[in-house]
Amino acid sequence: MRIVRVTDDATTELLYRQVLLPSFPDDQLVTRESLLTDLHEEAGEIFVVRDEAGALLGGAVGSWYEDGRVMLLSYLAMTEASRGTGAGTLLLGNLVPEWAKRYDPCLILAEVERPDLHTGNSAHGDPEARLRFYHRLGARALDLPYFQPALDRQKARVPGMLLLLLHAAPEFAGERPESVTAGPLRDFLTEYLVEAEGEVARQDPAIGALWQGLERAGGVAVLPVDRYAQIAAG
């Protein structure tokens, strides 16, 4: 298997059509046009993994949030036939250190479904198995009542999500053990919400709860992903 950075529209469209579109519910997936725009504007990066014959096995999309210096792993998915082959482990295992070196981010994050609030299927995968995958690769869960913002006016928010920590620069450790400082998270979430929904409406109950989590003294706690049930649902 080999990892390839995507720079062309044709491969981006192939990834979208063959991997992303079948793998994610509509409300969790940006449009094809939005993905192409981000590629052209260098607002992030797209990688694919191929087998020795060149067949597409899966891919990943990273979105760069400059204000908080946060890289969000927006999407990581394999074709249904490629799940369990190690392609996802190879891809993520290479991307996190690569992004940490090249971008020098404060944080690298990912958003995933809570297994207690989302059920899987053969197309979209199993939330329990997905969380075990991230746990094996060292991810931890941020103690925030997280939801995915509505990606555009035609889509709805996705409640019951977890925000995972894949990497944190040492200087952003919180005052308490096993925590990170809230500043980069606040900047990232502000940029994400404004980009997606147009504003940060603090009077909105879900956003208000999220900001209360950011304002806890000592930083935002980081938990092993197998203890995610201790985190309030967003």
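Tyr65 stands opposite Val70 in strand 4. The model is predicted, and local features need pLDDT of at least 70, while side-chain atom pairs count only at pLDDT 80 or more and totals for chains, interfaces and linings use all residues. Residues are numbered from 1 along each chain as its sequence is written, and side-chain values use heavy atoms, with hydrogens and water left out.

Helices and strands are DSSP runs numbered from the N terminus (H or I, at least four residues, for helices; E, at least two, for strands). Strands count as paired where DSSP finds at least two bridges between them. Strand 3 and strand 4 are antiparallel partners over 8 bridges. Their hairpin has 4 residues between the strands, and Arg69 there takes a positive phi near 50 degrees. Strand 4 also pairs with strand 5, in the parallel sense, over 4 bridges. Here Leu72 has Leu109 of strand 5 as its bridge partner. Strand 4, helix 3 and strand 5 make a right-handed β-α-β unit. A crossover is right-handed if, with the strands pointing away from the viewer, the path from the first strand over the helix to the second runs clockwise. Strand 4 is mostly covered, with 9 of its 9 residues buried. Buried means under 20% relative accessible area, exposed over 50%, and partly exposed in between (1.4 Å probe, protein chains only).

Pockets were located on a 1 Å grid over the protein atoms alone. A cavity is a set of points where a 1.4 Å probe fits but cannot get out; a pocket is an open set with protein on both sides within 12 Å along at least five of seven lines, and lining residues have an atom within 4 Å of a point. Grid points are joined across faces, edges and corners, and a volume is the space filled by probe spheres set on the points.

The largest pocket holds about 680 Å³ of space. Its lining comprises 32 residues, and Leu76, Ala77, Arg83, Arg130 and Phe133 lie nearest the centre. Strand 4 (70-78), helix 3 (87-103), strand 5 (107-113) and helix 4 (127-136) each supply at least two lining residues. Strand 4 gives the most, with 6 residues. By class, this lining has 14 nonpolar, 12 polar and 6 charged residues. Ala, Val, Leu, Ile, Met, Phe, Trp, Tyr, Cys and Pro count as nonpolar, Asp, Glu, Lys and Arg as charged, and the others, Gly among them, as polar.

The second largest pocket has a volume of about 500 Å³. It is lined by 26 residues, with Val30, Ser34, Asp38, Tyr65 and Glu195 closest to its centre. Two or more lining residues come from each of helix 2 (32-40), strand 2 (44-50), strand 3 (56-65), strand 4 and helix 5 (182-197). Strand 3 provides the largest share, 5 residues. The classes here are 13 nonpolar, 8 polar and 5 charged.

The whole structure contains 7 aromatic pairs. Rings of Phe, Tyr and Trp (its six-membered ring) pair if their centres lie within 6.5 Å; planes under 30 degrees apart count as stacked, over 60 as edge-to-face and the rest as tilted. The Tyr65 and Phe188 rings have centres 5.0 Å apart and planes at 85 degrees, so this pair is edge-to-face. It links distant parts of the chain, Tyr65 in strand 3 and Phe188 in helix 5, 123 residues apart. Both Tyr65 and Phe188 are buried. Phe133 and Tyr134 form another edge-to-face pair, at 5.1 Å centre to centre and 75 degrees between the planes. Phe133 counts as buried at 12% relative accessibility, and Tyr134 counts as buried at 5%. Tyr65, Phe188 and Tyr192 form one aromatic cluster.
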